[in-house]
Amino acid sequence: MKKTHTIDFSSDWNLVPAPESTGHFKLKERYDLFINGAFVPPISEVYFDTLNPSNENVLAQVAEANEADVDLAVQAAKTAFENTWSTISAKERGKYLFRIARIIQERSREFAVIETLNGGKAIRESRDIDVPLAAAHFFYYAGWADKLAYAFPTKHPKPLGVVGQIIPWNFPLLMAAWKIAPALAAGNTVVIKSSETTPLTLYLLAEVLQEAGVPAGVVNIVSGAGVTGSYIVNHPDVAKIAFTGSTAVGKTIMKAIAGTSKKATMELGGKAANIIFEDAAIDQAVEGIVNGIFFNQGHVCCAGSRLYVQESVYEVVVQKLKDRMQSLYVGDPLDKNTDIGAINSKKQLQTIEKYIQLGLEEGAEMYQPNCELPSKGFWCKPTLFTKITQSNRISQEEIFGPVLAIQTFRTVDEIIEKANNTPYGLSAGVWTDKGSKIFNMTSQMKAGVVWANTYNKFDPASPFGGYKESGFGREGGLHGLAPYLKME
């Protein structure tokens, strides 16, 4: 008689380590600012350490830009716009974007490993999602560079000039591509600030810009904390601000540019509802839940952090989800087996731990899989909470970590009301085998992106953005080009 084998979810999975090599590149000991086509030291000569969050080792020292540095970057961008970038043909601008995309592909392994070292995310995610999508955005907008008149007929689109861009630490390379590619395709020049915790892939992108022959001053890269970003926001020669980050900082930026002629797009926080109906393909939905909240350690503004399960299938969904969580591998981000890597910083880990404790104090029931965390670095087990209400803070406030809040619902009207009962409106997910139910839900949910029977699917041609306190404006697609143009 043939023996059958069952998977034991209650014990640890002992996987043979499969670490990605780091021998194909060498990090610099010190990274300078990238201004006017060259790496230049900061005027203040101030540098800060950037860490590997999985072991707390210093990876490199990075220049901290002050107001004078930012002014140099803006003036370089202004000169490049007036004398170079606006004088070449749109077709030629497109060629530069194509070159950038191809070089990113050629150096994809280097980008993926550095993104993982500096950010803490699993190498599989950097390799298979971040880097290919970044290249795809440059390819996509390269194609639009000489077709703006067709994209916006009768509008006579013209570039704005110098645009200021501020990106977050959760997807540094991808967010840079989301912003730089449409800005250049529209004919603008750029001053972009990296996050202080994940600046390294942006400086690697600077090397790509040099290799692609992008004219000096077209893209300028500075790094530092929030005060560095404020110098960009308040600079009089910056025509537009593109910001991705927290809602609180987004509000501060909007106050700063109020009364000026600056344009803005804001991609801010989220608290997405992921909704499972009783007629959904449950196993598929469970994978979608895992992807929705544990991808990139939950460091995702559109993370499906609020799970709503129809009451009739609640118990089976929660049990399958717990079983699946037990199989998740938490550990070395460079290990190809790893599902959940390191939390990006000590500060963010403290925030997540504060919310976990808050959930317990509010009376919620917590589940975490049985797994051993590394002794060094910043780590958090994947976590879910049940027995919570709409008013619990863990179901209302953005945690930005691998923490899932689960509630039940009975009817379509009830879940629409619950899903919309949040100050955010960035994204949502719906799982059902009924097409009519999908269309009904998506037409009534106040979210910029609603995925149906999938989650976290992105494409350069598809716009992304939110409503309410999740911001305004769109990135991706033609919608992502419009904010970088003035229509005459």
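Guide: One term to start: a residue is buried when its relative accessible area is under 20%. Also, this is a predicted model.

Visitor: Okay. Which residues of helix 7 are buried?
Guide: The buried ones are L200, T201, L202, Y203, L204, L205, A206, V208 and L209. That makes nine of the 12 residues, and helix 7 is mostly covered.

Visitor: Where does helix 7 sit, and how far does it reach?
Guide: Helix 7 covers residues 200–211. From first C-alpha to last it reaches 17 Å, close to the expected 16 Å.

Visitor: What comes just after helix 7?
Guide: G213, which takes a positive phi of about 75 degrees.

Visitor: New topic. How many cavities of 30 Å³ or more are there?
Guide: The structure holds four.

Visitor: Which elements supply at least two residues of its lining?
Guide: Helix 13 (412–420), strand 17 (424–425) and strand 18 (427–431) each do.

Visitor: And what is the lining of the largest cavity like by class?
Guide: Eight nonpolar, five polar and three charged residues.

Visitor: What about the second largest cavity: what is its volume?
Guide: About 70 Å³. It has 13 lining residues, and the closest to its centre are G298, V300, A303, S305 and F400. By class, the lining of the second largest cavity has seven nonpolar, four polar and two charged residues.

Terms used:
Residues are numbered from 1 along each chain as its sequence is written. This is a predicted model: local features need pLDDT of at least 70, side-chain atom pairs count only at pLDDT 80 or more; totals for chains, interfaces and linings use all residues. Side-chain values use heavy atoms; hydrogens and water are left out. Helices (H or I, at least four residues) and strands (E, at least two) are DSSP runs, numbered from the N terminus. The expected span of a helix is 1.5 Å times one less than its number of residues. Buried means under 20% relative accessible area, exposed over 50%, partly exposed in between (1.4 Å probe, protein chains only). On a 1 Å grid over the protein atoms alone, a cavity is a set of points where a 1.4 Å probe fits but cannot get out, and a pocket is an open set with protein on both sides within 12 Å along at least five of seven lines; lining residues have an atom within 4 Å of a point. Grid points are joined across faces, edges and corners, and a volume is the space filled by probe spheres set on the points. Ala, Val, Leu, Ile, Met, Phe, Trp, Tyr, Cys and Pro count as nonpolar, Asp, Glu, Lys and Arg as charged, and the others, Gly among them, as polar.
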